[in-house]
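Reader: I have the model open and would like to talk through how its parts pack. Could you take me through it?

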Amino acid sequence: MVTIETVTLLAVGVSHHHLGSDHLAELELLAPTITRAIEASAAIEGLVVVATCNRFEAYLDAAAFHPAVNAVVAALREAPLADPQAVIEALDVHPGESAVEHLFSVACGLESMVVGEAQVVGQVRQALAEAGDAKRITPALHRLFQDALATAKTVASSTDLGGHGRSIASVGLD
């Protein structure tokens, strides 16, 4: 008998690290359509999507790894993207603890174009609120996002990252 490992939390997405701004802008625009397609999969129990000009990431609560990743890939293939294959090839997948660590890094601004960017915590907070309003949130995802937001607040108030209100525009002006 083969035992299949289950994964509760999973992050699947792309960011400015591996994909150009044209693709990311297209994903941000199509985020509601892609989100509905991911949500429709029986493999997904909960879903929070962080879609900005610098990233498109689906945080999933799912029973199994491969069906959850396949749901995201299928949603991207079905979306009217100019080059869905380029997006799919650039996907980063973070299972389990790696998903937790990744969200904490994103929320704290460590994964931003400008490290410590202040805007990202608001984007993460908005993604959580939208998932809650759409009833796509599970207790595990809710706790994960609440903990990430609390950590981001602590990082912002106790380090130099939060003290300057860093943004791409402010760094450019400096």
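**Packing in the predicted model**

Author: Y59 is a buried residue, with a relative accessible area of 1%. Please keep in mind that this is a predicted model.

Reader: And F145, buried or exposed?

Author: F145 is buried, its relative accessible area being 0%.

Reader: How many aromatic pairs does the count come to?

Author: The count comes to one aromatic pair. The rings of Y59 and F145 have centres 5.3 Å apart and planes at 90°, so the pair is edge-to-face, the angle being over 60 degrees.

Reader: Which parts does the pair tie together?

Author: Y59 belongs to strand β3 (residues 55–62) and F145 to helix α6 (residues 139–158), so the pair links parts that lie 86 residues apart in sequence.

Reader: Changing topic, which residues of the largest nonpolar core touch the most other members?

Author: That core has 30 residues, and V14, L27, I34, I38, L60 and L76 are those that touch the most other members. At least two residues each come from β1 (9–15), α1 (21–39), β2 (44–51), β3, α2 (65–78) and α3 (84–89), and α2 gives the most, with seven residues.

Reader: What is L27 in contact with, leaving aside its neighbours within four places in sequence?

Author: With those neighbours set aside, L27 contacts V14, L19, I34, F56, L76, L81 and V87. Another core, of 21 residues, lies apart from the largest one, and its members include V48, L103, L141 and L149.

Reader: Back to α1, how far does it reach from its first C-alpha to its last?

Author: Helix α1 has 19 residues and reaches 25 Å between those two atoms, which is close to the 27 Å expected at 1.5 Å a residue.

Reader: Where does α1 bend?

Author: The bend in α1 is at L30 and amounts to about 65°, with a proline, P32, following within four residues.

Reader: Which residues of α1 are buried, and what do they pack against?

Author: In α1 the buried residues are H23, L24, E26, L27, L30, A31, I34, T35 and I38. The buried residues of α1 pack against β1, β2, β3, α2 and α3.

Conventions:
Residues numbered from 1 in each chain as written. Predicted model: local features only at pLDDT ≥ 70, side-chain atom pairs only at ≥ 80, totals over all residues. Heavy atoms only, no water. Phe/Tyr/Trp six-rings, centres within 6.5 Å; stacked < 30°, edge-to-face > 60°. Buried < 20%, exposed > 50% of the residue type's maximum accessible area, 1.4 Å probe, protein only. Core = buried A, V, L, I, M, F, W, Y, C linked by side-chain atoms within 4.5 Å. Contact = heavy atoms within 4.5 Å. Expected span 1.5 Å × (residues − 1). Bend = angle between axes of the 7 residues up to and from the residue.
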